[in-house]
Protein chains: 2
Amino acid sequence: MDDSTLVCPLPVNRHPLVTIAHGGGGRLMHQLIEQIFIPAFNNDHLTARHDGATLELGATRLAMTTDSYVVQPLFFPGGDIGSLAVNGTINDLAMCGAQPRWLSAAFIIEEGLPMEILGRVVQSMRSAALAAGVALVTGDTKVVERGKGDGIFINTTGIGLVDHALDIRPTSIRSGDAILLSGDLGRHAIAIMSAREGLSFESTVESDCAPLADTVRALLAAGIEIHCLRDLTRGGLASALVEIAEASRSSLTITESAISVSAQIRGACEILGLDPLCLANEGRFIAFIPRLQATQALDILKIASGGAMAAIIGQVGDPSPSPPVLLTTPLGTTRVIEMLSGEQLPRIC
Amino acid sequence: MDDSTLVCPLPVNRHPLVTIAHGGGGRLMHQLIEQIFIPAFNNDHLTARHDGATLELGATRLAMTTDSYVVQPLFFPGGDIGSLAVNGTINDLAMCGAQPRWLSAAFIIEEGLPMEILGRVVQSMRSAALAAGVALVTGDTKVVERGKGDGIFINTTGIGLVDHALDIRPTSIRSGDAILLSGDLGRHAIAIMSAREGLSFESTVESDCAPLADTVRALLAAGIEIHCLRDLTRGGLASALVEIAEASRSSLTITESAISVSAQIRGACEILGLDPLCLANEGRFIAFIPRLQATQALDILKIASGGAMAAIIGQVGDPSPSPPVLLTTPLGTTRVIEMLSGEQLPRIC
């Protein structure tokens, strides 16, 4: 850190107050990070603009990542705040190419939460941690008065081991790289939405919430030279692509017909006025892979849990100071993909 | 972790709901940890019942610790939620005997927080991190609706390096060890209380919020064989002593006249009906040191910032399955020190 840096300029005057959209994973959150957090804590880890930091300790490389979970409702089809808090942080470590090892868990509980709910959430965290082979090693509990919280918020912070020589980050992507998507889109967001709003579909839409580290390990074990990974949480595929395009200063082109969205999710999006490309997922990621290894990598993604609909969805174009993300539609037309500017679905994770 | 363990028994039926006191650092929080968290996440790190976990990575030892900060008000004499969030977590690393290196920061912001407040808090975190020589390497931002949070909550999680061979934890203390206290008690709690309730004293009481890692480094550098360290946050000196007595199964005896409490803090406690031994501090700790090194260690504590009133306050007695913490009063009588059972001052950190 360099104390001479000008710190904390306020975001554009249009936003003197923090809004829900500042937490939405889209343009406003991006501005908050760029205008408040990065200038204040200026260091190479943050300026890499990745899901976590890679830390060097002699010859050992570690990854560190943190996330707070404020999802509502606490329990939803396919998961709950506990499994989400474990898998979400494990997945951010996996996106750094790290093998998740240790988690901390910190609870902010609203007074009056039934002890039985806390017990179920903790049990779910335990199961998710066991399934992923990580140990939950330290914790904290705070209680706030009724009306000053919302049931339970959970922070998990993870440490993983980076035991390969790759530098998996946006700036490592290269012109010509293939962009792979690990499965179909939108299940987590629509599962939360249906639980929250009491919507019902012909069959229950379950969250795709799942750990991704084993899939990344399989890619690495096969010798795939991964350039960048990003899980598609808040802001969805659209925000992930725009963030990576901006951080790497590379244009990206994707093909709409290659992106899998189930008929049920697509129908829900039409009814609710949502864009599947902006929906949050908790078990899907994109990978930037050298073109020559794309088919081999796709085969690995397809046999992973939830990966039946994995696909090569696009490629990296030329460097550009203001690079666009372009979507080619089935009609052959092209549209520019923008980062979500407002907030489609708050409190999704 | 062992999946066969019986998990998540509910705490005593008297408490079907989480109460404010479950976050108070006293007996109820202790029960919550013992009855819900430790059985679920059963592992050696948690069962050490220390402020953080020590993690082994080949020949390297790391410490990891997490804390969420929910203090109200956000700004108080001597500090704010930002400096507290950095120093509090650094101090938990220091209590593991670790050199703090990296922090994560995760913000849960209530919609409507003035951007200017966020800027000031972040600036304060920056200053505290610079002062302590730690890098804030990764972060997260969530926004919740008005009335579902309280301004801002901050989680920080820290990683430190353990570069000595000592095993600093409750089970390392030995009969005959001296108990040292690093300064006077109660400044943080009374500063918060006066800011919250609009109390005024002859002169402003400032929080003792400060980083402790350099003081611990100085003890280690002098070759002091530290057995255990504990900072005196929620629950204060009383809870820290009882926790360590229980975890180490050793009786402890302290001398009331050796414990420094300023006249101003003592007066405030009398008016407010508070016990100085249960007040939260954010820049004070106790150290368990072999008797022969106690004077040398005390000299180091006394020259540290805030350490003018440091003292040897007691000693470790014999092992016992149900060990008491005994306080000898100036009158020569003895009373048993209990862990705080309710909550003196909520939202203190």
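Predicted model: local features only at pLDDT ≥ 70, side-chain atom pairs only at ≥ 80, totals over all residues.
Local features are given only at pLDDT of at least 70 and side-chain atom pairs only at pLDDT 80 or more, while totals for chains, interfaces and linings use all residues. Residues are numbered from 1 along each chain as its sequence is written, chains are lettered from A in the order in which they are written, and side-chain values use heavy atoms, without hydrogens and water.

**View 1. The interface of chain B and chain A.** Contact means heavy atoms within 4.5 Å. By this rule, 89 residues of chain B are in contact with 89 residues of chain A. The size of an interface is often given as the accessible area lost when the parts come together. Here the buried area (accessible area, with a 1.4 Å probe, that two parts lose on being put together, summed over both) is about 7500 Å². Carbon and sulfur atoms give 70% of that area. On the side of chain B, the residues that lose the most area to chain A are B:Val18, B:Met115 and B:Arg126, together 11% of what that side buries.

View 2. A salt bridge is a side-chain nitrogen of Lys or Arg within 4 Å of a carboxyl oxygen of Asp or Glu. The rule finds eight salt bridges across the interface of chain B and chain A. One of them may be traced here: B:Glu145 pairs with A:Arg347 in a salt bridge, and their closest N and O atoms are 2.5 Å apart. A polar contact is a pair of N or O atoms within 3.5 Å; within protein, one must be able to donate a hydrogen and the other to accept it, and residues adjacent in sequence count only if both atoms are side-chain atoms. Between chain B and chain A, 23 residue pairs are in polar contact, both residues being at pLDDT 80 or more. The side of chain B that touches chain A divides into 48 nonpolar, 24 polar and 17 charged residues. In this count Ala, Val, Leu, Ile, Met, Phe, Trp, Tyr, Cys and Pro are nonpolar, Asp, Glu, Lys and Arg are charged, and the others, Gly among them, are polar.

View 3. Helices (H or I, at least four residues) and strands (E, at least two) are DSSP runs, numbered from the N terminus. A:Lys142 belongs to strand 6 (residues 135–144) of chain A. Is this lysine buried or exposed? A:Lys142 counts as buried, at 3% relative accessibility; buried means under 20% relative accessible area, exposed over 50%, and partly exposed in between (1.4 Å probe, protein chains only). A polar atom of the A:Lys142 side chain lies 2.8 Å from the backbone oxygen of B:Ser68. Beyond its neighbours within four places in sequence, A:Lys142 is in contact with residues including A:Phe107, B:Asp67, B:Arg234 and B:Cys349.

**View 4. B:Leu55 in strand 1 of chain B.** B:Leu55 sits in strand 1 of chain B. Its relative accessible area is 0%, so B:Leu55 is buried. Not counting residues up to four places away in sequence, B:Leu55 touches A:Trp102, A:Val137 and A:Ile159 among others, and also residues of chain B, including B:His45 and B:Met64.

**View 5. Helix 5 of chain A.** Helix 5 of chain A covers residues 187–197, and its buried residues include A:His188, A:Ile190 and A:Met193. Among the elements that cover the buried residues of this helix are helix 3 (81–95) and helix 8 (263–272) of chain A. Just after the helix, A:Gly198 takes a positive phi of about 70°.

**View 6. Cysteines without a disulfide.** A disulfide is a covalent bond between the sulfur atoms of two cysteines; the rule used here asks for a pair of cysteine sulfur atoms within 2.5 Å. Over all chains, the structure holds zero disulfides. The closest cysteine sulfur to that of A:Cys228 is in A:Cys96, 9.6 Å away, which is too far for a bond. For B:Cys209, the closest cysteine sulfur is in B:Cys349, at 10 Å, again too far for a bond.

**View 7. Backbone exceptions in both chains.** Most residues other than glycine have a negative phi, and most peptide bonds are trans. The peptide bond from A:Gln72 to A:Pro73 is cis, with omega near 0°, and the bond from B:Gln72 to B:Pro73 is cis, with omega near 0°. A:Arg249, in the loop between helix 7 (236–248) and strand 10 (250–255) of chain A, has a positive phi near 55°. B:Arg249 has a positive phi of about 55°.
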